[in-house]
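These are my notebook entries on one protein model. I set down what I looked up, entry by entry.

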Amino acid sequence: MSGLVRSQEEIAARVKALESMLIEKGIMTTQAIDRLVEIYENEVGPQLGAKVVAKAWSDPEFKARLLADATGACAELGIGGLQGEDMVVVEDTAEVHNVIVCTLCSCYPWPVLGLPPNWYKEPQYRAAIVREPRKVLAESFGYTVSDYVEIRVWDSSSEMRYWVLPARPAGTDGWTEDQLAELVSRDSMIGVGPAIEATA
Ligand code: FE
C-alpha cells in the first residue's frame, strides 16, 4: 500500500497540478475554484448540522424523516451538496452512543460539518476508535461514556457518510431552535463529545 501516505507538500503540489489542468482544459475557472474554497471554508460547516439537529430536537416528524433519509431531510432545509449525497444520521439514546470514523481515509459529511478536523484524518484516531472507543473518547476527548451505554462506531465511506444526532440536553424545554442550535457542537455530531449543557 505504498503511496498512501503523502506529505502536505506533496498533496499541495498535486492539488495545484490538478487545478492547473482543470483551468487549462476549460473545465474550471480560477474564480470558480476560489468560490469553492470559500464555500468549504466559510459557508458549509457545523452551524448547518446544528440547525438540522435543533430542528430534529423540536419536531418529531422532521426527526423521523432525518433518521429515515438524512440527505432528503437536509435538502428540505436547503442543505446539501458535495460529499453529502448519501448521509446517514444515527441517534444517541440512553442506551446507545454513536461515534463516526472513516477507517480508510477521511470520508465526512461536508455539507453539515464542513471540512474534517485534522485528528479525524489521522491514522491513530482511525484505528484506535474502532478498537477501543470508550478509552479513546475518555483519554483523547475527555468524554466519559457510562459503562451502561453501548458505543457504536460507524465507518463512513464515499457511499455512506454517517453523523450523529446527539441527545437533547436537559433543561431545554421550550427553547427555540436557534437557542438549541447553540448547544450543538461539531464534536457532538462526530460523537466524540456530548451536546453542550444548558446553563440557566
Ligand atoms: Fe474516507
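**Contacts and overall form**

I began with the contacts in the protein between residues at least 6 apart in sequence, and found that 66% of them join residues at least 24 apart. I note here that the model is predicted.

I then looked up the secondary structure, which consists of 11 helices and 4 strands. The radius of gyration of the protein is 18 Å, close to the 16 Å that the globule rule gives for 200 residues, so I recorded the protein as being as compact as a globular protein of that length.

Along the principal axes, I found that the C-alpha atoms fill a box of roughly 55 × 35 × 30 Å. I also looked up burial: of the 200 residues in the protein, 36% are buried, with buried meaning under 20% relative accessible area.

**Domains**

Where do the domain bounds fall? I found domain 1 at 1–43 and domain 2 at 45–190. The C-alpha centres of these two domains are 27 Å apart.

**The second largest pocket**

My last entry concerns empty space. Rolling a probe the size of a water molecule over the atoms shows where such space is left.

I looked up the second largest pocket, whose volume is about 340 Å³. Its lining consists of 20 residues. Which of them lie nearest the centre of the pocket? I noted Asp 92, Tyr 143, Ala 167, Pro 194 and Ala 195. Sorted by class, the lining of this pocket comprises 12 nonpolar, 5 polar and 3 charged residues.

How values were computed:
Residues numbered from 1 in each chain as written. Predicted model: local features only at pLDDT ≥ 70, side-chain atom pairs only at ≥ 80, totals over all residues. Heavy atoms only, no water. 1 Å grid on protein atoms, 1.4 Å probe; cavity = no way out; pocket = protein on both sides within 12 Å on 5 of 7 lines; lining within 4 Å. Points joined across faces, edges and corners; volume = space filled by probe spheres on them. Nonpolar A, V, L, I, M, F, W, Y, C, P; charged D, E, K, R; others polar. Domains from an automatic or database assignment. Helix = DSSP H or I, 4+ residues; strand = E, 2+ residues; numbered from the N terminus. Rg over C-alpha atoms; globule rule 2.2 N^0.38 Å. Buried < 20%, exposed > 50% of the residue type's maximum accessible area, 1.4 Å probe, protein only. Contact = heavy atoms within 4.5 Å.
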